[in-house]
Amino acid sequence: MVAALCRLLLRYAVLGVAVVLLNFLIPRLLPGDPLSFGSGEGTGPAVPLSGAAKAELQAYYHLDEPLSRQLVAYLGDLARGDLGHSIERPAPVRDLILDRLPWTAGLLSVSLLLATVTGTALGLLAGWAPGRRLDRLLVSVTGALAAIPEFLVAIGFLLVFAVGFGWFPLFGGESVFADYGDGRTGAVRRASNIATHLILPAATLVVVGVSAFVLLARDTAAGLRHAPWIVVARAKGLPARQVAWRHVLPNMALPILSFFGLRFGALLGGALVVERVFGVPGLGLLAYQALRARDYPLLQALFLLSSLAMLVANLAVDVISLRLLARRGVLHG
Amino acid sequence: MSSPFVFLPAAVCSMVDRRSTLAWIAGGFLLALVTVSVTAPSLAPHDPRLTTGIPLTPPSRSHPLGTNDLGQDVLSQLIFGARAALIVAAVVAGISTVLSWTVGLMAGYFRRAEAPLMAVTDLLLALPNIPLYLLVLTLLGPSRRNLILVLGLLSWPAFARVVRSVVLQARSAPYVEASKALGASGLFIVHRHVLPATLDVLPTKIVLTVRFAVFAEATLAFLGLGSAGTISWGTMLNWAFADPLLFERPVWPWLVLPPTFAIMSLILATVWLSDGITRARAGVIRRPRRNTSSQKVVAPRRPRLTLTPAARPRFAPSGRRRSCTRRR
C-alpha cells in the first residue's frame, strides 16, 4: 500500500513538473510574438507598442534573457504566487483569478456531484434489467445527449426556459444593482438570487455530464448481475434494494470513480463554455474576455490552473481507488 | 480522382448494419451535406460575405432565412458553413488518425520507443482540452489553418493508446514470431502483420474524430477563435451572441436556430452512423447473443432452495452464459 502510494505520488510529481514546464514553454516556443499586436488577424487591440514600452514589458517578463534564466525567473515568480500582470486590466492576474474562482468552482463542484450521483442511479436502474424498455430508453436518450456540444445544450436551455417560459434570468451571475438589505435576510436573498441565476448553467453541465456516467454505470451494473456474490445475495432472498445498496453499488464505485477523474477535464472545459452563454462571471467568462483582448498572461495562468486542477482531481481519484483496492485485498494477493 | 468518391461510400455502406434505419438516414444526410458543400457556390442564393439585404430582416423570398446584423444572407452562410465544417472534420481526422497509428504502432512494437512516446501521450491526456486550445490558438492567431493544425496535432493520444494495446496483443501472435524467425525486419512486420490487426478500430477512430472535430470547431468558433475570413456555423453563433440584447429583440430565431440545428444534426448523424457500424461489427463477432440472452437467468424473488439438479442452473449461470455479459 505504502509503496504503491509512493509510486503514485512520484508519477504525479513528474506529471506536475511536466505541466509547469509545458506552461513555461508553450508561449516561448510557439511562433508569434505576444508583444507585437496587430501583426496577425484577429480581434486584438491593434495599437502597436512603442519601443520603450515593449522593452519594459520584455524586462518585466524576463523575455530579453536566455531561456534557462527565464525558467529560473519563472519558477521563482510561480513560487511567490506571482502569475504576471494582466495586459488588458490594471490588476495582477492572481487577483483577477481569485476574484472569479468561487463562481466556477461552485458551478463545477455542484454539477459534477449531481451528474455523478444521478448518472450512477439512472445507470443502475438501466443496468438492473438490460434490454428492458427503461434501459433502451435511457441508453438512446443519453447517447444522443452525449453527442451535443455543451454550448448547444446551453443555448437550448436558454431558449426554452429563459426566453420561452421566462422562468429564469437571461444573463449574469446575480441581479445588477440589486438591494438585498442587511443582515441575515439580505444574505439569504442574495443567495437565492444567485441560485436562480445559476440553475440553468448547472443544469446544462449536469445534463451534459450525466450521459457518460449513465452509460458507464449501466454497463458496470449489467456486468455485475451474474457475479457469484450477487447471485448468492439474491438466492438468499435479500430484497432488491438491499442487493443494490450493499452488493452492487460498492462494486460500481471503482469504475465510476476512475471515470470521474477522466470526465473532470471535459466538464471543466464545458463550464468555461457554458459561462460564456449564460454570462456567469466565472473563469470561463474571464478566459473569453482574455482571448478577445489577447491577454496572454491571463490565458496562460488559466491554463496552468486548470491543468493543475485536473492533476489534483486525478490524484485524489487514484488515491481513493488505491484505498478501495487495498480493502478489497487486491494489493495483498 | 473520382475513385475515392465511389469507393468511400461503398466501403461505408458495406460496414453499416442493414437493420439500423437511423444509420441509413444519417448516411444519407451526410452524403447530402457533402453534395451541398461541394456545390456551395452555385447553391447559395447570395455571396455570404457581402451585404445583400437590409440588416436583421426576417425570412423573406429573397432571403429564405433572413439576414444578420450586417445584412448578410443567413442561408448562404449556412451553406458555406457546411463546407467549412466538413473541411475541418476531414483534415483533422486525417492528421489525427495518421499520428495515432504512427505513435501506437511504434510504441507498441518497438520497446525502445515505448517509454518516451507513452510519456508524451500520457502528458497530453492529462491536460484539459479547452484551456489548452484557447491558449495555443490565441498565441498562434486564430485562423482556419491553425485551428486544423491544433485540433489534429493534439487529438491523437487517446487512440494511440488503443492502437498500442492492440499491437501488444498482436506482437506475441504466432504469425509474428514466425515472420521474425524468417528474418523479417521490424518495419516489415509492423507493416505486413501488425498494422492489419489494428485496422478493426479504424472506422471507429475516424467517426469519433470527425465528431470531435465538428464539436471542437463549433465550440472554439463560438468562443471567438474561428478565423475572421471564413464562415462557419460556430462563428455565426458567435456573431449572434456578441449582441447583448439578442433575446430582447425578435431577431434571434433566424440568427440562432439555423446554425444550432446544423451543428446538432451533423454530430447526431456521425453518431448514428458510428452506432450502425459498431452494431454491424458486434453482430459479426457475437451473433448468438440474442438467443442466449442473459435475461433468462433471473432469480425468483423468494427462491425455494431445493437440491434437485434441475434448479441449479437457474442460480448458477453456466460459463457460456456468463461470457455473453458485457464487461468493461
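Modeller: Helices (H or I, at least four residues) and strands (E, at least two) are DSSP runs, numbered from the N terminus. Residues are numbered from 1 along each chain as its sequence is written, while chains are lettered from A and ligands numbered from 1 in the order in which they are written. This is a predicted model, in which local features need pLDDT of at least 70 and side-chain atom pairs count only at pLDDT 80 or more, whereas totals for chains, interfaces and linings use all residues.

Colleague: How many helices and strands are there in chain B?

Modeller: Chain B has 15 helices and zero strands. Of its contacts with a separation of 6 or more, 68% join residues 24 or more positions apart; a contact requires C-beta atoms, placed from the backbone, within 7 Å.

Colleague: What confidence does the predictor give to each chain?

Modeller: The per-residue score is pLDDT, the predictor's confidence from 0 to 100. Chain A averages 83, with 93% of the residues at 70 or above; chain B has a mean of 79, and 80% of its residues reach 70 or more. For the complex, the predictor gives an ipTM of 0.83 and a pTM of 0.79.

Colleague: Which elements of each chain have the lowest and the highest mean pLDDT?

Modeller: In chain A, the lowest mean belongs to helix 2 (residues 51-60), at 79, and the highest to helix 4 (residues 93-128), at 90. Residues 38-44 of chain A have pLDDT below 50, and this stretch has 17 contacts beyond near neighbours in sequence.

Colleague: At what angle do helix 4 and helix 7 of chain B pack?

Modeller: Axes are lines fitted to C-alpha atoms, for helices over the stretch in contact, with angles from 0 to 180 degrees between N-to-C directions. Helix 4 (residues 74-109) and helix 7 (residues 144-154) of chain B pack at about 35°, their axes 8 Å apart. The contact involves V88(B), V91(B), V92(B), I95(B) and S96(B) of helix 4 of chain B, together with L147(B), I148(B), L151(B), G152(B) and L153(B) of helix 7 of chain B. Eight of these residues are nonpolar (Ala, Val, Leu, Ile, Met, Phe, Trp, Tyr, Cys, Pro), two are polar (the others, Gly among them) and none is charged (Asp, Glu, Lys, Arg).

Colleague: How do helix 4 and helix 5 of chain B cross?

Modeller: The axes of helix 4 and helix 5 (residues 111-125) of chain B come within 7 Å and cross at roughly 140°. The two helices are therefore oblique, the class left after under 35 degrees (roughly parallel), over 145 (roughly antiparallel) and 65 to 115 (roughly perpendicular). V103(B), M106(B) and A107(B) meet A113(B), E114(B), L117(B), M118(B) and T121(B).

Colleague: Where is L56(B) placed?

Modeller: L56(B) lies in the loop between helix 3 (40-43) and helix 4 of chain B. Its phi is near 60°, a positive value in a residue other than glycine. L56(B) counts as partly exposed, because it has 17 C-beta neighbours inside 10 Å.

Terms used:
Two residues are in contact if their C-beta atoms, placed from the backbone, lie within 7 Å. A residue is buried if 20 or more other C-beta atoms lie within 10 Å of its own, exposed if 12 or fewer, and partly exposed in between; C-beta atoms are placed from the backbone.
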